[in-house]
Amino acid sequence: MMTFSCRSAKTSKIIRFSQQAAPIKRHNISTQNAFLNYRFLLLYNCERLQTERLTMRDTRKLARKVADTLQEQIAAGTLKVGDKLKSEQELCEQFAVSRTVIREAISTLVAKDLVHTRHGAGSYIKSASHPSSLLSAQTLSGGIHEALNILELRIAVEIESAGLAALRRTTLQEEDIHQQHLAFTRAIEDGQSTAVLDFAFHRAIAVATNNPVYTEIIDNLGQRSIPRTLLENDTGTLSQGYLNKLRDEHQAIMSAITEGDPEGARQAMRQHLTASQQRYRKLRSQMYL
């Protein structure tokens, strides 16, 4: 009996200990579950926040791209003052983006005073250039003198623009430069006008600097940054040889940018613009013979 009693006492102690430990174990499990739930919610919220930030960043990026494309069309004259933009739905389909992106892009153009909206009537082209431009219409009036003035400014701006594009361009921006050069080359081969495509090539380089001020300068100059647009009635059609020379100069600039060679890009742009400058200086000297 004593042995049994001893065993019973020992068993009782074990049972009592188990009964006391059980709640502690349940408590630990409950605490652990709460911690896991908290960790899950924390990770979920962080992931959701990161996704929302990425979505907002993507939206702004797409909106800038749409706004840049529309602004380029305005500067090139494809969209003229007074023209009505396509509806939101049509723009969404054209650019394959959401309405939010289109609305932000249009808001950007409105802020630049290039577009104005009419309630219930849509959005219209208001101006072909940014109002903050310091270049007056009188300064940009046609003629050889104006062409030389603009070339002087472009030399000061676009040489560095080419160098920065070689350093900073993205894959998409590099592809856009290639596409613009290809379109320019095809236009020469087909005997079509090249002025708009020439402008688009130089603008693509400005965009590739990822400094919007460079793009704004080019947009403010617009098509007049291409000297032959100022002298179209005076010089007539450019020779095939001269157009081929322009194509080769563009090729040299593009190649240096693609290779990530900023000094090479600057040098190629310098040669390209100074060659045009020399050509128009020669035309000016002939006027006084």
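Predicted model: local features only at pLDDT ≥ 70, side-chain atom pairs only at ≥ 80, totals over all residues.
Helices in these notes are DSSP runs of type H or I with at least four residues, numbered from the N terminus.

**Entry 1: His272**

I found His272 in helix H11, which covers residues 262-287. Is His272 buried or exposed? I noted a relative accessibility of 3% for His272. Buried means under 20%, so His272 counts as buried.

I then looked up which residues surround this side chain. Leaving aside neighbours within four places in sequence, I listed His202, Leu246, Glu249, His250 and Ile253 as the contacts of His272. For Glu249 I recorded a further detail: its side chain and that of His272 are joined by a polar contact of 2.5 Å.

**Entry 2: Ile188**

Next I turned to Ile188, which I located in helix H5, residues 171-190. Its relative accessibility is 4%, and Ile188 therefore counts as buried under the 20% limit.

Which residues does Ile188 touch, not counting those up to four places away in sequence? I wrote down Thr194, Gln240, Leu243, Asn244 and Arg247. In sequence, Ile188 and Gln240 are 52 residues apart. In space, I noted 7.7 Å between their C-alpha atoms.

Ala96 is not a glycine, yet I recorded a positive phi of about 55° for it. I placed Ala96 in the loop between helix H2 (88-95) and helix H3 (99-111). Its relative accessible area is 70%; exposed means over 50%, so Ala96 is exposed.

Asn210 is likewise not a glycine, and I noted a positive phi of about 60° there. Where does Asn210 lie? I found Asn210 in the loop between helix H6 (195-207) and helix H7 (212-221). With a relative accessible area of 42%, Asn210 falls between the two limits of 20% and 50% and is therefore partly exposed.

**Entry 3: Helix H4**

Finally I followed helix H4 from end to end. I noted that H4 runs over residues 144-168 and has 25 residues. How far does H4 reach from its first C-alpha to its last? I recorded 34 Å, which is close to the 36 Å expected at 1.5 Å a residue.

Conventions. Residues numbered from 1 in each chain as written. Heavy atoms only, no water. Helix = DSSP H or I, 4+ residues; strand = E, 2+ residues; numbered from the N terminus. Expected span 1.5 Å × (residues − 1). Buried < 20%, exposed > 50% of the residue type's maximum accessible area, 1.4 Å probe, protein only. Contact = heavy atoms within 4.5 Å. Polar contact = N/O pair within 3.5 Å; in protein donor to acceptor, adjacent residues only side chain to side chain.
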